[in-house]
Amino acid sequence: MALFFSLIKFFMATPNNNSPELDAAYWNLQYQQQLTGWDMGTVSPPLKAYIDQLTDRSIRLLIPGCGYAHEAEYLLQLGFQNITLIDISSEACQTLQEKFKDQTAIKILNEDFFEHKGQYDLILEQTFFCALNPQFRSLYPRMIHNLLAKKGKLVGLFFTIEFMKSGPPFGGSTDYYAHLFYPYFESKVFKPCYNSHPKRQGSELYVILKPKLCTVSTFSQVKT
Ligand SMILES: C[S@@+](CC[C@H](N)C(=O)[O-])C[C@H]1O[C@@H](n2cnc3c(N)ncnc32)[C@H](O)[C@@H]1O
């Protein structure tokens, strides 16, 4: 399946457009130049609130496009034992290796999310989807669906504004996300976020999504 996503990504990529290729080199440069304006320096308040009510510390957790992974620090403090972090940037991953040295509860993978294989009970989304080349957005729900266990959940935040400058970040709308996710997920929560970080107040959708039992035809119906 990971090969399938890589191939689709390869064929969907359109060279010679005006936006930069959002690859490892691009993200490494952002980290090297400390252009990390997205970094809140702390666990995202809505994700903290969600994490706070979890009781099972052994669940398999994934944070894709984790950056400096403040959520993982918080999860560690609470005693979660099985946390996987993925980031395409080796710069970010080196920082994480230092930060989480000797922490057996944390696995750090320097790889493209779309090439990842695994099975998780909970995937946390925080400013990763908005960083993707919009051409690849339709792959995201399929990939998340594929990585979640039957009773797993995607919990996260999505920007409901459009940005003045060309992205990343790339924005979106509630209707757009509904169109993207509803073919694959049952929505438990899908509403404006009331407890966003102060800098993001009024600009985020908070979602808790559970995978539907998708058939092959469901997958082929969704436009790429
Ligand atoms: C805007 S930053 C957000 C980082 C972190 N989630 C946060 O909120 O602080 C996006 C992150 O996604 C990573 N990234 C971008 N494309 C990726 C991909 N295809 N696979 C894995 N990581 C990716 C970048 O290296 C970067 O660390």
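Me: What residue is the bridge partner of valine 155 in S7?
Reply: That's isoleucine 208. On another strand, leucine 124 stands opposite valine 155 in S5. A word on the model before going on: it's predicted, so local features need pLDDT of at least 70, side-chain atom pairs count only at pLDDT 80 or more, and totals for chains, interfaces and linings use all residues. Residues are numbered from 1 along each chain as its sequence is written.

Me: What makes S5 and S7 a pair?
Reply: Two strands pair if DSSP finds at least two bridges between them. S5 and S7 are joined by six bridges and run antiparallel, so by that rule they pair. S4 and strand S5 (residues 148-159) have five bridges, in the parallel sense.

Me: Which strands are called edge strands?
Reply: The open sheet has seven strands, ordered S3-S2-S1-S4-S5-S7-S6, with mixed pairing. Strand S3 (106-109) and strand S6 (185-192) are its edges, since each pairs on one side only. From one strand to the next, the twist averages 15 degrees. Strands and helices here are DSSP runs numbered from the N terminus (H or I of at least four residues for helices, E of at least two for strands). The protein has eight helices and seven strands by that count.

Me: Why is glutamine 126 called buried?
Reply: The cut-offs use C-beta atoms placed from the backbone: 20 or more others within 10 Å means buried, 12 or fewer exposed, and in between partly exposed. Glutamine 126 has 26, so it is buried. Its place is the loop between strand S4 (120-125) and helix H6 (139-147).

Me: What is glutamine 126 in contact with, leaving aside its neighbours within four places in sequence?
Reply: Ser44, Leu47, Glu71, Gly156 and Leu157, where contact means C-beta atoms, placed from the backbone, within 7 Å. Phenylalanine 158 is 32 residues away in sequence, yet the C-alpha to C-alpha distance from glutamine 126 is 7.6 Å.

Me: How do you know that S7 is mostly covered?
Reply: Six of its eight residues are buried. For the protein as a whole, 34% of the 224 residues count as buried.

Me: Why is H2 called oblique to H5?
Reply: Helix H2 (residues 24-32) and helix H5 (residues 90-99) pack at about 55 degrees, with axes 7 Å apart. Axes are lines fitted to C-alpha atoms, for helices over the stretch in contact, and angles run from 0 to 180 degrees between N-to-C directions. Under 35 degrees is roughly parallel, over 145 roughly antiparallel, 65 to 115 roughly perpendicular, and the rest oblique. The angle makes H2 oblique to H5. From H2, Ala24, Asn28, Tyr31 and Gln32 meet Ser90, Glu91 and Ala92 of H5.

Me: How many residues of each class are in the contact of H2 with H5?
Reply: Three nonpolar, three polar and one charged. Nonpolar covers Ala, Val, Leu, Ile, Met, Phe, Trp, Tyr, Cys and Pro; charged covers Asp, Glu, Lys and Arg; the others, Gly among them, are polar. The shell around the ligand divides into 13 nonpolar, five polar and three charged residues.

Me: Which residues around the ligand come nearest?
Reply: Trp27, Gly65, Gly67, Phe113 and Thr127, of 21 around it. A residue qualifies as near if its C-beta atom, placed from the backbone, lies within 6 Å of the molecule or strand in question.

Notes
Contact = placed C-beta atoms within 7 Å.
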